[in-house]
Each structure stands twice: as structure tokens, then as C-alpha cells.
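Colleague: I'm new to reading protein models. Could you walk me through one, feature by feature?

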Amino acid sequence: MDNTSKPAMFPNPVILQSEGLLKYILETGVYPREAETLKELRNANAKHPLGFMGAAPDAGQLIAMLLKLLNAKKTIEVGVFTGYSLLLTALTIPHDGKIIAMDPDRKAYEIGLPFIKKAGVEHKIDFIESPALPVLDKLLEDGANEGSFDFGFVDADKNNYWNYHERLMRLVKIGGIVAYDNTLWGGSVALAEESVSEAKREWRRSTLAFNEAISKDSRLQIAFLSIGDGLIICIRLH
């Protein structure tokens, strides 16, 4: 069942605990290699009151590398917001590649849509305005979709991560990759609950439960990275 509760949204602190070090990483190795349309979308996103919800550019750089290593052609994205990771994926996969992307907030997606169109990659994207679980379940009704996706990216409501995971393990092929964003939840996963703001506690608990469960999932090989706000990379083994 879709768990739709959402806590108040506030930006998470820098995991590196050094704004200067993050600035150095971004300005030295990330921004100089960022596509112009991605840069323009990132700047537009910064003006949004919830702009901090966008995918981190350094995490995006890693995702682009994984897509190329996989020769990914068919991908799925759960949670879009303004579309930074969506545009990055569309720029990386081949001209005839396809992305199924889902998010209930079309207004946020439309902030990024002009940049997607400018990049000439809108034809690769099937954006579905909907909560993710009904879309994933609909995909699974067609047996041809099982094991047909090369890559999945999840940056959505943390209390549904395991629900998404169980479905993506059927949709993504053996040898395919799923990446889960915000798995350190601003570093709060390492703090005592009483030291975490009330607004962040519910999704902190969801993140802790998801991280523990996925670390025990024998279907996967995982890498737990402190890039961005925490990123778990999973390879489906069987």
C-alpha cells in the first residue's frame, strides 16, 4: 500500500561537513564537465523554494558514468522534481533510448521541461504524472516489462523506498543497476533521534529501516556512498 505521508521539507546539511571541500570538488571536477543545459537547469532550480530537493551534480556525474558503463538504453526514474537527473540521463543514453519517469508534481517537472526541449531529448522521456506505486504495478502487469530495464534511479518519498525496491527488483534486469538517493538523510542516520529536528524524524526512521533492509538483500551487490546526501548503488545479481 502506498504510504503518502510527507514531513515538512527543509534542506539537509552537507555530508562532507565542509562547505569549502564540497565547493572545491564541484568547481574542480563537476561543473567544468557539466552540460550547458544541465547548468542552466541547475541555476533555475536554485530559484525554487524547494530547490535543494534536486539531485546533487556530483551524484549526477557518477550516475552518468554508470549509465555509460551499462550501455543503458531503457531506464526508469521514481521521483523527478524539476528533472536534473532526468535530463542528465536523457543526455547520456542513446538517441533511441527511453526513460519512464514518474512524479505527482507536474508543475515542478515543467520548470525543467524547457531545458529538456532545448537539449533535444524530450522524445526519450515518458513522463507520467502520478504517484509511483500505481505506475510500477501497472508496468508489472505486463510480463514483458520484467527484467527489461537497464537502470533505475529513486529520489522520492523515503517511507516508500522499500516498496519501490521490491518492484524495481523485478523490472530491472539481472546485471542492471538501481541507485537510491538521500540515504544518509543529511547525516541524521548517525545521530540520536532526540538530536534530530522533529520535521526530519519520520523520514530518518524510514531511511534507517531501508538502509538496514537493503544491506541484507542477497539479491544485490551494493555500494554505500557518501556522495551528495548519500547514494546506494545496487547491482541486481539474480
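**Reading the model, step by step**

Modeller: Let's start with F81, which is buried, with a relative accessible area of 9%. Keep in mind that this is a predicted model.

Colleague: Okay, and where is F81 found?

Modeller: F81 sits in the loop between β1 and α4. Its phi is positive, about 50°, although F81 is not a glycine.

Colleague: What about N71: buried or exposed?

Modeller: N71 is exposed, because its relative accessible area is 64% and the cut-off for exposed is over 50%. You'll find N71 in the loop between α3 and β1 (74-78). Its phi is positive too, near 55°, and N71 is a residue other than glycine.

Colleague: Now helices. Which residues of α1 are buried?

Modeller: In α1, residues 19-30, the buried ones are L22, L26 and V30. Looking down the helix axis, you'd see those buried residues fall within an arc of 35°, so they line one face of α1. As for what they pack against, that's α3.

Colleague: How should I think about a core?

Modeller: In soluble globular proteins, nonpolar side chains tend to be buried together. Here, the largest nonpolar core has 32 residues, and among those with the most contacts inside it are L86, I99, Y109, I116 and F151. Helix α3 (residues 57-70) gives the most to this core, with 6 residues. There's also a second, separate core of 26 residues, including Y164, L171, L220 and I232.

Colleague: Can we zoom in on I116? Which residues does I116 touch?

Modeller: Leaving out residues up to four places away in sequence, I116 touches L86, L87, Y109, V121, E122 and I125.

Colleague: Last one: what about R42, buried or exposed?

Modeller: R42 is buried, because its relative accessible area is 18% and buried means under 20%. You'll see R42 in helix α2 (residues 36-45).

Methods. Residues are numbered from 1 along each chain as its sequence is written. This is a predicted model: local features need pLDDT of at least 70, side-chain atom pairs count only at pLDDT 80 or more; totals for chains, interfaces and linings use all residues. Side-chain values use heavy atoms; hydrogens and water are left out. Helices (H or I, at least four residues) and strands (E, at least two) are DSSP runs, numbered from the N terminus. Buried means under 20% relative accessible area, exposed over 50%, partly exposed in between (1.4 Å probe, protein chains only). A nonpolar core is a set of buried Ala, Val, Leu, Ile, Met, Phe, Trp, Tyr and Cys residues joined through side-chain atoms within 4.5 Å. Contact means heavy atoms within 4.5 Å. The arc is that of the directions from the helix axis to the C-beta atoms.
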